[in-house]
Amino acid sequence: MNDGTLLLARAEISRLRRNRRYLLMTLALPIILYLVIGAQVTTVVDGLPFAAYYMIGMAAFGSFSGALMNNSVRIAQERKEGWIRQLRLTPLPARGYVVAKLLASMAISIPSVVIVLLLGHFVGHVHMAASAWILVAIVVWLGALTFAALAVAIGYRFQPDQVQPLATLIYFIFIVLGGVFFPLGSTLEKIGKFTPTYEAVTISISLAKSQPVDGLMIVGLVIWLAVFVSLAALSVRATAEAV
Amino acid sequence: MSGAVVTFDNVSKHYGSLKAVEGLSLELRAGETVALLGPNGAGKSTSLDMLLALRKPTSGKIRMFGKDPYHAVKNGLVGAMLQSGGLMPEVTVRELVTLVTGLHPKPEPVATTLRRAGIDKIADQRVDRLSGGQTQRVRFALAIVGKCDLIVLDEPTTAMDVETRRLFWASMKEEVASGKTLLFATHYLEEADQAADRIMVINRGRLLADGTPAEIKERAGAKRLSFRLEKVNEPFLLGLPGLVNLDVRGNVVHIQSSDSDATLYAVLDAGYRPTEIEVSSLGLEQAFLAITAEDDRANVGSAAASSNAKEMA
């Protein structure tokens, strides 16, 4: 990894740590929702105590929303304002900006995932095998990479004022259809099955129940990642002349 | 080739039928301060963008220190400030300068950059809360952090007030004094005249004139000669040596001449005895206007000629 890219990633992280809106969306909101709803409801859903289901949902919510909402808007703004262009005039490698954004985004979503899982354990009294805790954390965390790639694709393609509603709409659809907040009814689930959110949540639920993971879910998630990465590459290339 | 900091070899950039830059060839030598002068839309920004690897030429070759533009930029050989270049928001000026310093292979110490750009007093302010002039100085700082041998500035003083502009050129002179090559685009003629030791005039994507400010003025017919003459003979005046432009108002004759001495002697040699003779220098502004106007006229002429040719065919 190029030193300049790491330096930029570090600067991005310190910026995000100061951004109240970002912290509210990715850290405070999932924590509060979990404490207010997740740890209080005592039903069993999908063969899991609600406290466990909601823990997975909120960990995914925090990490995915940071990756998509924040990155897409930032990238569109920084492209418009010329910061990306300014960076292109420095020795930073051509891909450095995007790589730094992804690194920073992944790094800063770690606390939100870890805190929600800790709350699940200590407040929601969720019990899982030690390996399951680690695997759930990794799936929810790595799933955010899909959304970070989508954020790059959108941020490089659309104007800042278009990005906000567009990303919100896409995210809302994925969150609802993916069953992140509550399990779906049978009809919606038939459609929702194909969303990356559903796949990440379902893989995590299987892990939490110590059941074998459906291979199709993993394949589905990898396909989404591949599609979004390709779209991101296309968007970046399309603006290479005009950034 | 050796010693050339920048070369453009027959470079063109077309957007569909629009020829933003057309067959541009030029060479910058080490230590020069060169102004790229032209009206809006002349191709200045496009040329600089191509030099800085932000755009690819449609044809032709650009070299910076013998390398292709992309590798020259990535080797930290050039510091640049563009009109369209932005800053990272939500960080302090010091953090931003420190970041960009870290991206360069052999940078200036952060404190030196801050002082030279005149932003040491606002170093702890947030970048997104600066005034226009302060922002411009921070962008200038980013152009000098790399201690690069070539500095490229696209209309650097656009958003600056008079005082900031003066400070800007003062710190720029400091940079140039240490042997750096400076290329800047401007449409402020005064600025080109005062700051540059070489001016390239471009219009409609082509290089029209290249020389010292004095040479540019001369080339445009840089003296104005006026006198009063009874019984003006226009055909005779139009044949005068050095004549670039003629304007007769009643008995008063205004001549723009590339060689006012020769023009005046010819008048006298023909037996005329004009009165109220005045000879004055043209500023760079008139020189620039004369050069680009001449070019535009030639272009209109050739366009008309070609459409006539089509009608006849």
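E155(B) lies in the loop between β6 (150–154) and α6 (162–177) of chain B; helices (H or I, at least four residues) and strands (E, at least two) are DSSP runs, numbered from the N terminus. Phi of E155(B) is near 45 degrees, a positive value in a residue other than glycine. Most residues other than glycine have a negative phi. E155(B) is buried, because 20 other C-beta atoms lie within 10 Å. The cut-off for buried is 20 or more other C-beta atoms within 10 Å of the residue's own, with 12 or fewer for exposed and partly exposed in between; C-beta atoms are placed from the backbone.

The model is predicted: local features need pLDDT of at least 70, side-chain atom pairs count only at pLDDT 80 or more, and totals for chains, interfaces and linings use all residues. Residues are numbered from 1 along each chain as its sequence is written, and chains are lettered from A and ligands numbered from 1 in the order in which they are written.

A53(B) also has a positive phi, near 65 degrees. Its place is the loop between α1 (44–51) and β4 (59–64) of chain B. A53(B) counts as buried because 20 other C-beta atoms are within 10 Å.

In chain A, the axes of helix α2 (residues 20–38) and α3(A) come within 9 Å and cross at roughly 165 degrees. Axes are lines fitted to C-alpha atoms, for helices over the stretch in contact, and angles run from 0 to 180 degrees between N-to-C directions. The two helices are therefore roughly antiparallel (over 145 degrees; under 35 is roughly parallel, 65 to 115 roughly perpendicular, the rest oblique). Residues making the contact include Y22(A) and L33(A) of α2(A), and M55(A) and F61(A) of α3(A). Contact means C-beta atoms, placed from the backbone, within 7 Å. By class, the α2(A)–α3(A) contact has 14 nonpolar, six polar and no charged residues. Ala, Val, Leu, Ile, Met, Phe, Trp, Tyr, Cys and Pro count as nonpolar, Asp, Glu, Lys and Arg as charged, and the others, Gly among them, as polar.

The largest nonpolar core has 148 residues, and M55(A) and I56(A) touch the most other members. Such a core is a set of buried Ala, Val, Leu, Ile, Met, Phe, Trp, Tyr and Cys residues joined through C-beta atoms within 7 Å. Helix α3 (residues 50–81) of chain A gives the most to this core, 18 residues.

Between the chains, 19 residues of chain A contact 25 of chain B. α1(A) supplies the largest share of the chain A side, six residues.

Terms used:
Contact = placed C-beta atoms within 7 Å.
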